[in-house]
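Visitor: I have a model open and would like a quick walk through it. Can we go piece by piece?

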Amino acid sequence: DAGMRALAGASFFPNLTWLNGSHNEITDAGIQAFAAHSFSNLAFMNFSHNEITDAGMQVLAASSFFPSLISLIVSRNEITAAGMNAFAASSSFSNLTSLNVSLNKIGAAGMQAIAAFSFFPFLISLNVSHNQIEDAGMQAFATSSLFPKLTCLLVSHNEVTEAGMFALAASSSFPKL
């Protein structure tokens, strides 16, 4: 986390377009230090395989310093439905085209929060694999009309049964999927 504070204050960071911070034991404190700085050119951010929890997602959601971000990877952390609820309510990531929250613990409630993402009209790719999502989450997502551009949906290794998959298959909410 001290490393994240040092990097965030580095003179080259305002021009950064791509950051891969995966596999670095970054915690919520590191995310807080990072999110306190403006990164107007940052388009791709990967914080997978770290120790980010709902508090870190809440910090990211509250930050307005990532206006150019189009891809966010926070897979294999400790994010639950609470983190997804905070992220879903944020208007700070309206340009996001790709979101990977795989290998977390968002469950059905987290998928329901994603289904309500009203600030992500450009989302093309969504990876929610390995998240303990059940039918209720998939059914809520299937009824959402907020993802007209979605072309890639990864939902493998969840707890969705035929009922959830039938709801998704019968949905007309995803014209490009």
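Visitor: Which residues of α2 are buried?
Guide: This is a predicted model. In it, the buried residues of α2 are Asp-28, Gly-30, Ile-31, Ala-33, Phe-34 and Ala-35. That is six of the eight residues in α2, so the helix is mostly covered.

Visitor: And what covers the buried residues of α2?
Guide: The cover includes helices α1 and α3, plus strands β1 (18-20) and β2 (44-46).

Visitor: Switching to rings. How many aromatic pairs are there?
Guide: The count comes to 13 aromatic pairs. One of them joins Phe-34 and Phe-39, with 4.5 Å centre to centre and 20 degrees between the planes. Planes under 30 degrees apart count as stacked, so this pair is stacked.

Visitor: Phe-34 and Phe-39: buried or exposed?
Guide: Phe-34 is buried, with a relative accessible area of 0%. Phe-39 is also at 0% and counts as buried.

Visitor: What about Phe-87 and Phe-93?
Guide: They form a tilted pair, with 5.0 Å between centres and 35 degrees between planes. Phe-87 is buried at 0% relative accessible area. Phe-93 is buried too, at 0%.

Visitor: Now the core. Which residues touch the most other members of the largest nonpolar core?
Guide: Ile-114 and Phe-141, out of 51 residues in that core. Helix α5 gives the most to this core, with four residues.

Visitor: What does Ile-114 touch?
Guide: Leaving out residues up to four places away in sequence, Ile-114 touches Met-84, Val-101, Ile-106, Leu-126, Val-128, Phe-141 and Phe-147.

Visitor: Gln-112, then. Where is it found?
Guide: Gln-112 is found in helix α5, residues 107-115. Gln-112 is partly exposed, at 37% relative accessible area. Beyond four places in sequence, Gln-112 touches Ala-136, Gly-137 and Ala-140. Its C-alpha atom is 9.7 Å from that of Ala-88, 24 residues apart along the chain.

Visitor: Last topic. How do the axes of α6 and α7 cross?
Guide: They come within 8 Å and cross at roughly 5 degrees. The two helices are therefore roughly parallel to each other.

Visitor: Which residues make that contact?
Guide: From α6 they are Asp-135, Met-138, Gln-139, Phe-141 and Ala-142. From α7 they are Ala-163, Gly-164, Met-165, Ala-167 and Leu-168. The contact divides into seven nonpolar residues, two polar and one charged.

Methods
Residues numbered from 1 in each chain as written. Predicted model: local features only at pLDDT ≥ 70, side-chain atom pairs only at ≥ 80, totals over all residues. Heavy atoms only, no water. Axes fitted to C-alpha atoms, helices over the stretch in contact; angles between N-to-C directions. Parallel < 35°, antiparallel > 145°, perpendicular 65-115°, else oblique. Contact = heavy atoms within 4.5 Å. Nonpolar A, V, L, I, M, F, W, Y, C, P; charged D, E, K, R; others polar. Buried < 20%, exposed > 50% of the residue type's maximum accessible area, 1.4 Å probe, protein only. Core = buried A, V, L, I, M, F, W, Y, C linked by side-chain atoms within 4.5 Å. Phe/Tyr/Trp six-rings, centres within 6.5 Å; stacked < 30°, edge-to-face > 60°.
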